[in-house]
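Me: I would like to learn how to read pockets in a protein model. Can we work through one together?

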Amino acid sequence: MRWSWQRWQRVTPVPGLPQQKCASCPLRMVLCIATNDSHSLSHLSMKFGASLKSCRPLLENAKKSHVEVVGVSFHIGSGCPDPQAYAQSIADARLVFEMGAELGHRMHILDLGGGFPGVEGAKVRFEEIASVISSALDLYFPEGCGVDILAELGRYYVTSAFTLAINIIAKKEVLLDQPSREEENGFAPKTIVYHLEEGVYGIFSSVLFDNACPTPILQKKPSTEQPLYSSSLWGPAVDGYDCVAEGLWLPQLHVGDWLVFENMGAYTVGVGTLLRGTQACHITYAMSRVAWEALHGQLLPAEQDEDAEGMCKPLSCGWEITDTLCVRPVFTPASIM
């Protein structure tokens, strides 16, 4: 795979500061182009990106202003189910490179943006997107053409790296309709509203910003005989928009019960901290027992194995058997496991 994530610097003019005027040391910029993100969950081109029609005037104006355009960037937006959108954007970038070359810009950077899936079960697997991108790059930016290919793989790397454990702080039952006389004995259709310690203005901010649909995992697996109830999860804010998830069918839960949410690494802790002003969650770093034992065997010399047998093994997660641990695993409020 020829394209990879690299760190690079974008130099832009800062309002209020004296600007460089000499042609020998021009400002350097990257031109962001619009994409076809109609199928993406996040439509970034509504706000960012220049159309192909406007690229030439922008490049001409940059040349007159002694601004060196060194490359092209685009962002398809997260959750795009159509890998061909990347191929089309790469083809558009090739046209912009040709425009820039005609005007004397020395362009050598192509930024493919981000939004790449980082979880199993995504509509389009990362490998499928990578295959389409690689084919498009071979066609429009073949190896040896002098262009550095960049990508922003933050979501791909961190989405599955964090798991959220959070407990229920309040609950209430809401009747769906006005009960009849026959239903007043407790058989009226109802939904159960559960309140959590975190909401869309905290760790679950991805519901607002990223159209996420969090699905809880119960700490205790319910039996097949337990009835399921229409349920919804809400944050602590006194706000009608602080809904984490609805349309769920869950067994009867209680205040203090724990819920677990996987794939909580992207657009969660960081954005939530900005909204609340403080970081309310506690982060615990963990690994599975299998991984720990494999690492333990590689790092400790053989002669130390006997002395290490009596040592407590580190906790990995609350699902593992606890009778072999020195202490029982504890979930702390709003913990990131």
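Me: Where does the largest pocket lie, and which domains give residues to its lining?

Reply: First, the ground rules. This is a predicted model, where local features need pLDDT of at least 70, side-chain atom pairs count only at pLDDT 80 or more, and totals for chains, interfaces and linings use all residues. Residues are numbered from 1 along each chain as its sequence is written, and side-chain values use heavy atoms, with hydrogens and water left out. Now the general idea. Rolling a probe the size of a water molecule over the atoms shows where empty space is left. On a 1 Å grid over the protein atoms alone, a pocket is an open set of points where a 1.4 Å probe fits, with protein on both sides within 12 Å along at least five of seven lines; lining residues have an atom within 4 Å of a point. Here, domain 1 (28–157) and domain 2 (164–177 + 187–261) both contribute to the lining, so the largest pocket lies between them. The domain bounds come from an automatic or database domain assignment.

Me: How much space lies in the largest pocket?

Reply: About 930 Å³. Of its 34 lining residues, Leu-41, Val-119, Arg-155, Ala-212 and Cys-213 are the closest to the centre. A volume is the space filled by probe spheres set on the points, with grid points joined across faces, edges and corners.

Me: What volume does the second largest pocket have, and which residues lie nearest its centre?

Reply: The volume is about 470 Å³. The lining has 23 residues, with Leu-44, His-75, Gly-114, Glu-152 and Tyr-267 nearest the centre.
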